[in-house]
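Okay, shall we get going? I've got one structure for you today, so let me put it up on the screen.

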Amino acid sequence: MRPARLLLVGSVLADVRMAVPSLPERGGDRLATRTDVQTGGGFNVLVAAVRNGLPAALAGRHGVGPFGARVRQDLDAAGIPVLLDPDPDTDTGFSLTLIEPDGERTFVTSPGAESMLTGARLAGVSARPDDAVYVSGYELCYPDSGPAIAGWLDGLPEEALLVFDPGPVADEIPADLLAAVLARTGLLTLNRRETALLAGAGDPAGAVRALAARLPARARIVLRRGSRASVAAEADRPDRLVRVPVPAVVALDTTGAGDAHTGVLVAALGAGYDWPEALRRAGVGAAISVTRYGSATAPTAADIDAFEVAAGN
Ligand SMILES: Nc1ncnc2c1ncn2[C@@H]1O[C@H](COP(=O)(O)OP(=O)(O)O)[C@@H](O)[C@H]1O
Ligand SMILES: [Mg+2]
């Protein structure tokens, strides 16, 4: 399937970001060496797709307030339409993001208007058969959004590709919602920590087998593993693993690396690249993103081409 649009059903929120020498100990404090506020969450995936030639739209809420205004401004500037009206009573939420010197990021998320999707609000959003629909685990954890999204997915056109990233809260997703969403997923993508939360801390082969059993036969699985080669598989052939090397780079900030990977991957499929080539471009795009300080730092398709030429590929 060649997606013609990425429709993100979920959260765009603010990242309140601080670079720290290390995480504070319990009861302690840290002086940040660098601080800023950027638009993040689902925005990272949307921007990665748009920069790689795939139109994108947000079926998610934003609020009225400083964070909501910022998010709206950045979405508008990126040319990403917002399909739902703003919430007049609540501001958009934020993620407190702590970035350590090796680039690892740790979050504490304060949900706001973006977490309050209801079935009634989603009823006005219709996915097209050639949409890739992106859902993250955050949404499934929220008491309104979780059941609303699961219900809405029941009416998804059969041809639409459901892309699911369980995210850092993978172990907090209600079991029934997780099972229902996995059973409809066409592309499951998750990082090492999330793989361990959902499938145990064993080797990738075991994780793929455990995850494949919960997915439709034609689904694909992508295990992102930071600086190590990613592992991909098809659910009906879980013993055939494809390893996708990751270029060696100096990681400055891994915030949004997985999101960059997913956005580039879906856009590359939309651009007509085959599965192995789309995976390779996603790995390169995400590696470039970690060399850039910020949340929505995915490169353009041209940046990825230039990197590949420079690397002699
Ligand atoms: N240190 C790194 N060096 C090179 N590429 C990286 C590094 N960390 C992440 N990446 C790239 O970003 C992708 C996603 O990062 P990962 O940490 O696995 O996901 P997440 O951002 O969800 O934690 C990796 O598969 C890889 O392509
Ligand atoms: Mg990571």
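I'll go through the annotation, then a helix, a threonine, and the ligand.

Quick housekeeping first. This is a predicted model, where local features need pLDDT of at least 70, side-chain atom pairs count only at pLDDT 80 or more, and totals for chains, interfaces and linings use all residues. Residues are numbered from 1 along each chain as its sequence is written, chains are lettered from A and ligands numbered from 1 in the order written, and side-chain values use heavy atoms, leaving out hydrogens and water.

So, the record. UniProt, in an unreviewed entry, annotates residues 5-298 as "domain: Carbohydrate kinase PfkB"; positions are in the numbering used here, feature names are shortened, and such annotations may be inferred rather than shown by experiment. Over residues 5-298 we have 33% helix and 25% strand, with the end C-alpha atoms 17 Å apart. Helices (H or I, at least four residues) and strands (E, at least two) are DSSP runs, numbered from the N terminus.

Now helix 1, residues 42-51. Eight of its 10 residues are buried, so the rest of the structure largely encloses it. Buried is under 20% relative accessible area, exposed over 50%, partly exposed in between, with a 1.4 Å probe and protein chains only. Among the buried ones are Phe43, Leu46 and Val47. Just past helix 1, glycine 53 has a positive phi of about 90°.

Next, threonine 185, in the loop between helix 6 (175-184) and strand 9 (187-190). Buried or exposed? At 1% relative accessibility, threonine 185 counts as buried. Its side chain reaches the backbone oxygen of valine 181 at 2.7 Å. Setting aside neighbours within four places in sequence, threonine 185 is in contact (heavy atoms within 4.5 Å) with Leu162, Phe164, Leu215, Pro216 and Ala219.

And the ligand. Ligand 1 is surrounded by 19 residues, each with a heavy atom within 4 Å of it. The closest are Asn191, Arg224, Gly226, Gly258 and Ala286. Arginine 224 puts a polar side-chain atom 2.6 Å from a ligand 1 oxygen. For serine 230, a side-chain N or O atom is 3.5 Å from an oxygen of ligand 1, and for glycine 283 a backbone N or O atom is at 3.4 Å from one. On its own, ligand 1 has 540 Å² of accessible area, and the protein covers 90% of that (Shrake-Rupley, 1.4 Å probe).

Which elements give two or more residues to that shell? Strand 10 (220-225), helix 9 (257-270) and helix 10 (275-290). Helix 10 gives the largest share, four residues.

Definitions and conventions
A polar contact is a pair of N or O atoms within 3.5 Å; within protein, one must be able to donate a hydrogen and the other to accept it, and residues adjacent in sequence count only if both atoms are side-chain atoms.
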